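Here are a few exercises to work through with the model open beside you. Try each task before reading its solution.

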Amino acid sequence: MKAIFFVIAALLAAGVAATCLLAPGYYAYLMGTLATTALVGVGLNVLLGLAGEVSLGQGGFLALGAYGVGILTTKAGLNFWEALPLAVLLVAAISAVLSIPALRVTGPYLAMVTIAFGFIVESVSVEWQGLTGGASGLAGIPAPFGTGGTALLACALCVLALVLFYYFTRSPLGLAMQATAAAPAAARGIGISALPVRTAAFVLAAVAAGLAGGLQAALTGFIAPSSFPFSQSILFLLVVVLGGAGRTLGPLVGAAVVVLLPEFLASLAEYRLLVFGAGLLIVLWIAPDGIAGAIARLVMPQASVPHARPDIDLALAHIAGSSGSLVAEGVRVAFGGVVAVAGVDLTAPPGRVTSVIGPNGAGKTTLLNLVSGFQRPDTGKVHVGSADITGQPAYDAARAGLARTFQTAQPFGGLSVLDNVRLGLLRGAWRGEAPEALARALLALVGYTGSETRLAATLPHVDRRLVEIARALATKPAVLLLDEPAAGLDDADTAKLGSLLQRLARAGLAVVLVEHDMSLVMSISDEIVVLDAGRRIASGVPAAVRADPAVKAAYLGATTSIEPLAPRPAGAPLLDVRDLNAGYGPLGVLHQIGLRVGRGETIAVLGPNGAGKSTLMKALSGLIRPVEGAIGFGGVELARLPAHLVARAGLILVPEGRQVFPQLTVAENLRLGATRRGDFDNAEIEAMLERFPRLRPRLHTAAGLLSGGEQQMLAVARGLLARPDILLLDEPSLGLAPAVAAELFGQFTRLREEGMTLLIVDQMADHVLAIADRGYVISGGRVVAQGAPSQLRDAMLDDAYLGAHPAVVN
Amino acid sequence: MLATAIVSGLSLGSIYGLIALGFTLTFAVSGTVNFAQGSSVMLGAVLCHTLAVGMRWPMISAVPVALLACAIWGLVVERIAVRPFVARGTNSWLMATVALGIVLDNVAMVLFGKEPRALPSALADDPWVIGNVGIFPLQVLVPVVGLGLALLVHLGMHRTALGLKLRAAVENPDAARLMSIDVTMLIALTYAAAALLAGIGGILIAPLYNVAYDMGTLFGIKAFAVAILGGLTNPWGVVIAGLAYGLVEACATTWLGSGSTQIVTFTAVIAALALAPSGLFGGRAKVRV
Amino acid sequence: MPTRLTRRQALVLPAGVALGSLVGRSAMAAEPIKIGLVAALSGQSAKSGEGITRGITIAIDEINARGGLLGGRMLELVRRDDESNPAKGQTAARELIDKEGVAIIFGGIDSPVSLAIAPLMNTAKVPFMGVWAAATNITRNGANPNFVFRVSAVDVLVDRALIKHAMTSFSSKKPGLILVNNGWGESNLAGLTAAAEAAGIKLAAAEKFDDKDADMTPQLQRLREAGADTLILVGNAAPGAQVVKGLQRSAWTVPIVSHWGISGGRFPELAGSWAGKVHFVQTYSFFGSQNDVGKRVLAAMMAKYPDVKGPGDVTPPVGVANAYDAMQLTALALAKAGSTDGTKLREGFLGIESYQGLIKNYTKPFTDDNHDALNENDYVMVRYNGDQIEPITG
């Protein structure tokens, strides 16, 4: 294979050289144009393919390079070899200056800045007649060689650029660009500062375009503003996308298509751009990775390279290198008046597993963000070892020895597993060593057994977690923060994860774990800190925390004296869920869920945080599609219907977090609730105000200004206005004061009396069970128990919520 | 001279605002835009010319038919160049809409011809003259229609059931779906409306300037600049940004010469974005590209 | 493996094509003599390209009907669209020389394009024939040997004629200039300034516009305030039309005298009801009594092109007439050279003694010092009447 490759490469080189030197000048010119176009493409590939940013102003940099060479040779009397480097330097300087405003923005805003830049260059080159020759341009630009030689020079530089690009993608900076594009937060989390990386990409892209411009000026001997129209910048983007963004040979393939296709299709002259446009659309549809990407996928399967057995001790030695506690004191943050974390202290000493638990909305993830530099605390101090990292950006926190993982695993999708870990070893440095053996050892340490060349985006869920942890360990942290690492793992994998975390702690790391899986937390933690509503309500060893009444109350609701209503017999079947599987992309959350609701029944769905209750609600209401299994609803099959048709069929969800439309008034929110029916009448609003009197004075207020309790009432009222056949309530009491929650449940009781069919998910198990006719307990995405409220409450709830696996009650 | 500059600036500026309003509509609901919005401008003008001049239809029927075609074009753009890519979770809709614009421009080139043509209008023949300043009635009509349409869009958004659904979908698409609102269809509708507005812009300016297959590009870019400056999600911000852009452009042309117009306006765009990275009026830009 | 093949094909094919055409070219003997044309075939000046094409085609038809040249070789026209873009024009010229192997290239309306192509032609040693673009330094380019010839106006001469017409027809004492902002405009700014000085009048002011400008009122306003009593316009059809619309809008009934750029496109349509007010220059008019060549050409035009029903439909006449005469002169030069070799063909042009042409009777049209076949005695002033161009009488 290798030999064939070299023979082909040699033939290619000979062919190009022959074309440049022997064929008529036009063909040399064509080769030169191909080379300069590809050269711009290689540069843009750095920006688009690696850093993920779009520029529509490369024509401007091309023009700058061309004018630089043109002016320096014709007006300043330099020769080509002196002019070219100066022109490229000029382009680099101008692009660096432009990057100051340009890189404050991304996406369409950045596209606009680059478009504007291109137009400014064009206008200036028309207006500055003394220097640029105005609209007539500059003629008589000297070339270093004849047309053939100059074209050959362009080809050589293009090949050089392609080779450099190939190595650049594997260099620390190239990897950092890809990381920043793929998962910006995770990149910061391993010490990569985004701005310099993006600036480097922007300047490199400009430099390549400037070099191409200088070559083009010498090749044509003549340049004018009309040589660099806006459409050319689009063409360059097309070169990269068509060839395959991020692929080394992509720009060459793209340039070959763009430059040579018209020559072969001379008869198509008129229709050339038409064919281009349509072709580009088709490529985008069927080959999102471009032509080079599609070919690579066809003929170059990712081969797994066998390697020596990794040495786990190497990895352990690596992570044992630094040590220090995480100490957070009085950390507080508020978002627009809502205090998310209200002055929390947290100490995680080396060698121990410190867990942070608490009900949904307790502020656990926010606390994690505050200590790891992803959010700035309003007050409080954060130290890692002796270093004060309070208010430091995440990449500085990472460099100070704090590593973290994310609730949704964020591996750098476009990079191989091994490169993910190597990037961690670099800690954001643009140069340096990232030994593959050490990366391999870290992968072995976390228990990753798959292929190391596999792209992280294609990994199954468990492996994404493991790679993320290995990457975090690679930064040689003193402190490792993990945000729900067990979410979505099965029991065996969770057990492995638990022993890994303990092993890391024994190696000297301070491990901080935020986790919903109570059996994991209880079994591996040395200390547990419990948060509720942004405050620390308890701490201690697992047994003490489990016994703490305040903790129980936080999880299950205050056990006030709620008189349970008598369960009623099941009505005629309305909702019949069978074998429901659902999840988010690769992450399967629900497994074989079966559930029945009769007409007029009130059904409770209970289970610990992360059990899949909200996912179930989303799957039923159509927000998650596709799902497997059957959702029968009064004769209609909902499993394949999108959300708006599910709602139209009469299944109405009052979603978790209320989800009112914040900028619309209360009245408008209510009115939207009735969208399902054509016969809305303003009198119905009056009926709702009677039901929820707190809303009456706020009727024309923007819903976003309501208190949490009022918003929840609005969300319920809005759901009721749809006149649902069944109303699904997802965590209606979340974050509400006990009195307000009680008031709300009073309304649910009234609805129950009125014969409304209700399916309620709530953490306040006592509240729900008090009004439920029957209930289901979900854990790990499966129904683990169902039955009458009394049975469920007595038998297993405590265990399901606070650790240990529940017995199945039937 | 100031009066002339103001008249020219306002009429062009309101057209920019009108086209930019289309960006705003689609971006607010879907986080995507038709980067080839300029092609819809061209489509409106070219179809109007073809029907009114080529086939000698009366304007009263040529205009609605051309606009209907624009709206349908908007649906086509959304269906084949936006939806498949959004569903796939990529931002390739950017290139796809550009590609579709190239296709439309070149189909127009083949069918309509490569030469610019005039769209005669009684409103752009007999000027009103006050002193040294003369304006065509159409130049007065353009900002009136432009601002009127912006107002109409505003009223539609705030006074109709459809507008209410649209605003709901803008704020929280998932919650809107739970209200049985077909957000997918709403997105398609905004694309149709965006193309319609662009088409109106094209027909309004055609008698003042010329009709050509490639007339849309520059209008599209300027309108995009206006939309960005206006903050992409703020309709009135976009309208004001449009007028401001038109005025700056006209003033630059009047006092500095037309060669410096683009230098001035585009430098202003870069400066404005450097100072206010989410646009001058973009309170809460949710950039999803 | 398919990758490799595809990649190799992508790069080796052009080389193959290139070498193939090398071999192919020498193998062809009785093949046609290719005449290249690089002109605006699209955009606002598309009509100019069409007019030049028609002029060349009528001449080629006549020559081919007589049995061709160089021992029975037929002439064949190969056209490329420069889209009024100098860079595109230059690339097209390269392609015509190296790939098509043309004997000569004819140029189009845009002076910037011709200015970009001229040095290339001198390097490649292939003659270039300008039939419209008038910038003075296209032919007077300093090259030796100079391969650029022209059967068209020269700005310095046209500018004298424009000033003269403004003074005689409109008793202008203070003309204002409105010029396109490119090389052609610059050439005329120099020429008009010199011409005004020679005629002893002062210019009110000179304003510039860009080809894509949509609104000329600011420039016009400034000229009006400077006290211009006549406007002299140098520009192509679309911006020229915007100048007229701007005048109409501000109801400024100033006389306009124009260079011939406006006749390269649909000026009367774009300018609207005031189009007829503009007096502009041409080298020929098919109205009025015609010489034998004129009758023949008009007849041939009417026979070949259904849209030509009379002299007014030969639009733009300058493109047709210049191109026709230039093609006939090229045929004479080819015959004299006895070869399509560029250097010999250049000498062939210089050796032409006389030619009984459409525009005039040429005697020694090209010399070492003068590569311009037309001079200031060869212009007529015309104006639009509807879509037709008619001479100004009285």
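**Exercise 1.** At what angle do helix 9 and helix 10 of chain B pack, and how many Å apart are their axes?

*Solution.* A word on conventions comes first. This is a predicted model, in which local features need pLDDT of at least 70 and side-chain atom pairs count only at pLDDT 80 or more, while totals for chains, interfaces and linings use all residues. Residues are numbered from 1 along each chain as its sequence is written, with chains lettered from A and ligands numbered from 1 in the order in which they are written.

Step 1: locate the pair. Helices (H or I, at least four residues) and strands (E, at least two) are DSSP runs, numbered from the N terminus. Helix 9 of chain B covers residues 216–230 and helix 10 of chain B covers residues 235–256.

Step 2: read off the geometry. The two pack at an angle of about 125°, and their axes are 8 Å apart. Here axes are lines fitted to C-alpha atoms, for helices over the stretch in contact, and angles run from 0 to 180 degrees between N-to-C directions.

Step 3: classify the angle. Under 35 degrees is roughly parallel, over 145 roughly antiparallel, 65 to 115 roughly perpendicular, and the rest oblique; helix 9 and helix 10 of chain B are therefore oblique to each other.

**Exercise 2.** Which residues of helix 9 of chain B meet helix 10 of chain B?

*Solution.* Step 1: apply the contact criterion, C-beta atoms, placed from the backbone, within 7 Å. From helix 9 of chain B come B:Lys222, B:Ala225, B:Val226, B:Ala227, B:Leu229 and B:Gly230. Facing them in helix 10 of chain B are B:Gly237, B:Val238, B:Ile240, B:Ala241, B:Gly242 and B:Tyr245.

Step 1: Nonpolar means Ala, Val, Leu, Ile, Met, Phe, Trp, Tyr, Cys and Pro; charged means Asp, Glu, Lys and Arg; the others, Gly among them, are polar. The residues of this contact divide into 8 nonpolar, 3 polar and 1 charged.

**Exercise 3.** How many residues of chain B are in contact with chain A, and which helix of chain B gives the most?

*Solution.* Step 1: count. In chain B, 48 residues are in contact with 53 residues of chain A.

Step 1: find the contributors. Helix 3 (59–88), helix 4 (93–112), helix 6 (161–171), helix 7 (173–178), helix 9 and helix 11 (261–275) of chain B each supply at least two residues of this side. Helix 4 of chain B gives the most, with 11 residues.

Step 2: sort again. The side of chain B that touches chain A has 33 nonpolar, 9 polar and 6 charged residues.

**Exercise 4.** Describe the make-up and extent of each chain.

*Solution.* Step 1: chain B. There are 11 helices and 2 strands in chain B. Its radius of gyration (over C-alpha atoms) is 19 Å, close to the 19 Å from the globule rule (2.2 Å times the number of residues to the power 0.38) for 289 residues, so chain B is as compact as a globular protein of that length. The C-alpha atoms of chain B fill a box of roughly 60 × 45 × 35 Å along the principal axes.

Step 1: chain A. Chain A has 33 helices and 22 strands, and its C-alpha box is roughly 95 × 65 × 50 Å along the principal axes.

Step 2: chain C. Chain C has 12 helices and 14 strands. The C-alpha trace of chain C spans about 70 × 60 × 45 Å along its principal axes.

Technical notes: Two residues are in contact if their C-beta atoms, placed from the backbone, lie within 7 Å.
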